[in-house]
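These are numbered notes on the model shown below, for a colleague who will go through it residue by residue.

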Amino acid sequence: MKIVGADVIVTCPGRNYVTLKITTEDGVVGYGDATLNGRELSVDAYLREHVCPLLIGRDARRINDIWQYLYRGAYWRGGPVTMTAIGAVDVALWDIKGKALGVPVYELLGGQARDGVTIYGHASGADIDEALADAASFLERGYRAVRLQAKIPALDATYGIRTGPGLTYEPATGDRPVEEVWDTGAYLDFLPSLMAAAREQLGYGFHLLHDCHHRLTPIEAGRLGESLEPYRMFWIEDATPAEDQAAFRLIRQHTVTPLAVGEIFSTIWDCQVLIGERLVDYIRTSVPHAGGISHVRRIFDHADLYGVRTGSHGAGDISPIGIAAALHLDLSVPNFGIQEYMGHLDPAGEVFTTSYRYEDGLLLLGDEPGIGVQVDEAAAARYPYIPRYLPVNRLRDGSMHDW
Ligand code: CS2
Ligand code: MG
């Protein structure tokens, strides 16, 4: 089953997505998500220049060998660009294997361990009332878990807030990032009042999550976790810059609020200390950004050994292919925790047709062979790439601050 084609599709139906398309000599086509938000064209170039030519002529059935060839065979290994490219190859090959054998990928992973995948939605608002109304609308639609963010009153802008009904929050267009002001004190003072209001008005009958976007020091994170304990959070996410795994030892000493991290990780090595020392409760590595189904499955197995559950990244910058790939893994692993699901803006649905669907707080996968996402290339061509950047943060004195 030789690979005869490997092509990259870059499109912007609502936001930028990069898709790898692999074709075999028998005409089977597999798709992988190669989207890396704000760095889309780097992965596009890495694939076109360094990966696609090496795939031609290889046996598409040998997913493990191709993975090792691309990872171990590279002197400059690891990092988000390389691992997103490898992840796209891996998912496209699983898609091909499923289609060739006529089964959904989760069957190849041992079959379903649950009926559906519990997701959390993104509620936010310009103030507490707006954020709670948004959260209530998720609960009315059957969601059992909601991430809650609101604008910090003392700041002009706060990352992670939706800009209008039916929208997700999108990076601004333009040739350079928007610069926002960050103030940790204002954030730490405000957040407990948001979560207190959420529990007072919406009760305790749902999972409440929050994302800190890597802005705190370990001791600040400890203080935040402790201040949120009465509201029984499902997790606080990305409390500190993620590359400092040892920082979580300090956070753990100060709070029993569960911790989640890992959406920016690329490999199992990025989570080794965190998992091995049980410093987090949920590992958020995502299929597209950490080497695909093959590698993230290994991370999840490693996590299971230490009682750490999964909680994969599923923001809108992960394409429907990446979300679908995550769902196959979520459905099959023993230690599934929760799956983030932000949804996709119109007109993404013109380009990507998915077999997964929402029902009563869950995403359900059908029995379509492979990953279960179709790509309309003519529709993709109607939406050319638009440069977009995530914002950056400065403190009030002009210092750059962490993501
Ligand atoms: C966030 C994302 O969904 C999340 O948890 O952290 O919005 C993240 O900022 C983007 O995916 C970055 O690409
Ligand atoms: Mg996050």
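1. In the hairpin of strands E2 and E3, Gly27 takes a positive phi near 90°. Four residues separate the two strands there. Helices (H or I, at least four residues) and strands (E, at least two) are DSSP runs, numbered from the N terminus. E2 covers residues 17-24 and pairs with E3 in the antiparallel sense over five bridges; two strands count as paired if DSSP finds at least two bridges between them. Within this pair, Thr23 stands opposite Val29, and Leu20 has Gly32 as its bridge partner.

2. On conventions: this is a predicted model, in which local features need pLDDT of at least 70 and side-chain atom pairs count only at pLDDT 80 or more, while totals for chains, interfaces and linings use all residues. Residues are numbered from 1 along each chain as its sequence is written, chains are lettered from A and ligands numbered from 1 in the order in which they are written, and side-chain values use heavy atoms, with hydrogens and water left out.

3. The other hairpin is formed by E1 and E2, with five residues between them, and Gly14 in its turn has a positive phi of about 100°. E1 and E2 pair in the antiparallel sense over eight bridges. Ala6 stands opposite Ile22 in E2.

4. Together the strands make an open, antiparallel sheet of three in the order E1-E2-E3. E1 (3-11) and E3 (29-33) are the edge strands, each pairing on one side only. Neighbouring strands are turned by 20° against each other on average, direction ignored. Axes here are lines fitted to C-alpha atoms, for helices over the stretch in contact, and angles run from 0 to 180 degrees between N-to-C directions.

5. How many residues of E2 are buried? Eight of its eight are, where buried means under 20% relative accessible area, exposed over 50%, and partly exposed in between (1.4 Å probe, protein chains only). Both faces are covered, with Tyr17, Thr19, Lys21 and Thr23 on one side and Val18, Leu20, Ile22 and Thr24 on the other. In a regular strand the side chains alternate between the two faces of the sheet.

6. Helix H1 (residues 40-55) lies across E1 and E2 and runs at about 175° to E1. Helix H3 (residues 80-101) lies across E1, E2 and E3, at about 145° to E3.

7. Ile56 is found in the loop between H1 and helix H2 (63-72) and is partly exposed, at 44% relative accessibility. Leaving aside neighbours within four places in sequence, Ile56 is in contact (heavy atoms within 4.5 Å) with Ile3, Val4, Gly5 and Ala6. Ile56 and Lys2 are 54 residues apart in sequence and 7.5 Å apart in space, C-alpha to C-alpha.

8. The chain is divided into domain 1 (3-104) and domain 2 (108-374), with bounds from an automatic or database domain assignment. Their C-alpha centres lie 25 Å apart. In the interface, 32 residues of domain 1 are in contact with 43 residues of domain 2. The buried area is about 2,900 Å², of which carbon and sulfur atoms give 63%; this is the accessible area (1.4 Å probe) that two parts lose on being put together, summed over both. Arg15, Trp94 and Pro104 supply 24% of the area that domain 1 buries against domain 2, more than any other three residues.

9. Which residues donate to the magnesium ion (ligand 2)? The protein donors are Asp211 (OD), Glu237 (OE) and Glu263 (OE), 1.9 to 2.1 Å from the ion. Donors are N, O and S atoms within 2.8 Å of the metal (3.2 Å for Na, K and Ca); water is not among the atoms, so sites may look incomplete. The spacing of the donor residues in sequence is D-x25-E-x25-E. Asp211 lies in strand E8 (residues 207-211) and Glu237 in strand E9 (residues 235-237), so the pair ties together parts that are 26 residues apart in sequence. Asp211 is buried at 2% relative accessible area, and Glu237 is buried at 0%.

10. Some backbone angles deserve a check. Most residues other than glycine have a negative phi, and most peptide bonds are trans. Asp238, in the loop between E9 and helix H8 (247-254), has a positive phi of about 50° and is buried, at 0%. Asp360 has a positive phi of about 50°, lies in the loop between strands E15 (357-359) and E16 (362-364), and is partly exposed, at 46%. The peptide bond from Asp346 to Pro347 is cis, with omega near 5°.
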